Amino acid sequence: MSDRFLVALGYHGNSFHGSQVQPDVGTVEGSLQRALKRLTWWSEGCLEMSSRTDAGVSARMNLARIDLPKSVSQKASQDSIVRALNDHLPVGAVAISANRAPSDSKVRYAESRRYLYRLEAIEEWPFENDADVISEACSIIEGENDFTNLSKLVDGVDPVRIVEECTPWLAEDGRVIGFSIQAKSFIWNQVRRVASAFSGIASGRVSTSELESALNCPELEVDLGRGPGEGLVLWSINHSDLKSSFSDDLPSPAAFSIRPRDPRDYRRWLSMSQYEMGALLEKEWLARLN
């Protein structure tokens with residue numbers, strides 16, 4: 001017998017080779033498995049992740065469904081479950097909350113998911129950029145579209161998705177930092193390919209009409225590129241069985257450095273930008289753990 005919990009997790013993408021279990025490499029799910037086994041809480045089928053993320057992709061908040069033995073759940077508080085998991089998770093991952101859920105709760109059936117992408121992390125991203133251009137590109141993506149040309153399709157997966165919201169992520173001086181995108185579900189690589197299309201539009205490599213054609217004519221194969229995973233963050237998940245402490249609001253980039261104008265300085269700055277995103281996530285987690 002077991003009790004079902006939805007556990008909110010955060011992690012730095014550069015600490016893992018993605019979220020799903022893979023042989024011989026460290027993943028988020030694999031780390032959770034090991035933590036549960038060390039705690040003697042493991043049973044076959046007791047763990048399931050809500051969203052899949054690739055290597056390099058961080059998560060301010062992902063969800064895991066964990067079925068805990070009643071001998072544990074009846075004695076342990078939700079806070080003590082979080083503490084125990086964090087005692088056994090590796091550096092780079094953190095359990096944030098553990099909430100009891102109905103026995104039939106489906107962790108993958110989220111109401112919505114929101115991602116942030118820092119477009120500045122893409123090498124071709126121009127120093128001078130126009131927020132109105134990215135806003136127009138966002139409006140093209142919004143609504144129901146066939147993302148065959150803007151994803152990595154797997155057999156049997158429906159390429160049609162409804163993007164509920166897509167908005168530019170702006171600095172205080174009006175420059176574009178990146179964008180936020182929300183939908184009930186996404187296809188593999190969808191956000192990274194959208195990011196590459198947006199970067200291409202800003203740099204002149206891609207036109208808005210080419211983006212529209214990629215969506216409206218999925219039978220005509222086109223490759224608009226794929227942005228690096230390091231620019232992507234799974235920001236939040238809304239689930240009917242979870243009252244999240246996280247806000248959907250875009251974070252302030254006030255502490256972010258400005259990307260250098262000189263392309264030769266880009267790679268050094270890229271390391272700084274990844275540090276800044278990591279620090280942003282750590283602050284988000286600490287605010288909810290303390």
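**Cavities, pockets and a covered strand**

Author: Let's begin inside: helix 1 (residues 28-38) supplies the largest share of the lining of the largest cavity, three residues. Helices (H or I, at least four residues) and strands (E, at least two) are DSSP runs, numbered from the N terminus. Keep in mind that this is a predicted model, where local features need pLDDT of at least 70, side-chain atom pairs count only at pLDDT 80 or more, and totals for chains, interfaces and linings use all residues. Residues are numbered from 1 along each chain as its sequence is written, and side-chain values use heavy atoms, with hydrogens and water left out.

Reader: What is a cavity, and what is a pocket?

Author: On a 1 Å grid over the protein atoms alone, a cavity is a set of points where a 1.4 Å probe fits but cannot get out; a pocket is an open set with protein on both sides within 12 Å along at least five of seven lines; lining residues have an atom within 4 Å of a point. Grid points are joined across faces, edges and corners, and a volume is the space filled by probe spheres set on the points. Here, the whole structure holds two cavities of 30 Å³ or more.

Reader: Which residues line the largest cavity?

Author: Leu-9, Phe-16, Val-28, Ser-31, Leu-32, Leu-89 and Ala-93, around about 40 Å³ of space. Sorted by class (Ala, Val, Leu, Ile, Met, Phe, Trp, Tyr, Cys and Pro are nonpolar; Asp, Glu, Lys and Arg charged; the others, Gly among them, polar), that lining has six nonpolar, one polar and no charged residues.

Reader: And how many residues line the largest pocket?

Author: It's 26, with Arg-52, Arg-108, Phe-186, Ile-187 and Trp-188 nearest the centre. The largest pocket has a volume of about 640 Å³, and its lining splits into ten nonpolar, eight polar and eight charged residues. Helix 5 (190-203) gives the most to that lining, with three residues.

Reader: Is strand 9 mostly covered or mostly open?

Author: Buried means under 20% relative accessible area, exposed over 50%, and partly exposed in between (1.4 Å probe, protein chains only). In strand 9 (residues 232-238), six of the seven residues are buried.

Reader: Which strands pair with strand 9?

Author: Two strands pair if DSSP finds at least two bridges between them. Strand 3 pairs with strand 9 in the parallel sense over two bridges, with Ala-59 opposite Leu-234. Strand 5 (residues 112-117) pairs with strand 9 in the antiparallel sense over six bridges, and there Ser-112 partners Asn-238.
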